[in-house]
Amino acid sequence: MSAVAAAVGRDPKSMVKDAVRLKEAGLVSIEGHILSADLSALGVAADAIDATLPVTRLLAEDPDLERFFKHGRLVKLPENPDYRWRVAQLLARLLPPGRQLSESEVNDLLSQAHSDYAALRRLLVDLKLVTRAASSGYQRVA
């Protein structure tokens, strides 16, 4: 710890206090003078965050689609038409049924799943899972 403190220009006592805080948070273990990272607590926290994401809840109903998502985000739109249809159906469920939405509202909802929300919006319209009327906006097909 003393060598690390000297290398980064920090007071050794403050480094020890920081190490103790990290140990209390479950991020490191301390054995003698050896400090080891334990990132399992971060994995648990990431899993807890993932569980709250809307897409994650929807994937629980069709776990076969999980391969196209990571941490609740679409990483690749499937080439296979059947899988593409199923992913599109899942994404359409991010939009509330029976309600007219502006393009901005649709973008906000679809951006929860992927940064290219415009491509997702076009896909949902092309597959007729969402209707688009210039005057009234977008609506999910029931």
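Reader: How do strand β5 and strand β6 pair, and over how many bridges?

Author: This is a predicted model, so local features need pLDDT of at least 70 and side-chain atom pairs 80 or more, while totals for chains, interfaces and linings use all residues. Residues are numbered from 1 along each chain as its sequence is written, and side-chain values use heavy atoms, leaving out hydrogens and water. Strands (E, at least two residues) and helices (H or I, at least four) are DSSP runs numbered from the N terminus, and two strands pair if DSSP finds at least two bridges between them. Here β5 (residues 130-133) and β6 (residues 137-140) run antiparallel, and the count is four bridges.

Reader: Which residue in β6 is the bridge partner of Arg132?

Author: A hairpin of three residues takes you from β5 to β6. Across that pairing, Arg132 is bridged to Tyr138.

Reader: How are α6 and α7 oriented to each other?

Author: Helix α6 (residues 103-110) packs on helix α7 (residues 117-126) at about 110 degrees, with the axes 9 Å apart. Angles of 65 to 115 degrees count as roughly perpendicular, so that's what α6 and α7 are: roughly perpendicular.

Definitions and conventions:
Axes are lines fitted to C-alpha atoms, for helices over the stretch in contact, and angles run from 0 to 180 degrees between N-to-C directions. Angles under 35 degrees count as roughly parallel, over 145 as roughly antiparallel, 65 to 115 as roughly perpendicular and the rest as oblique.
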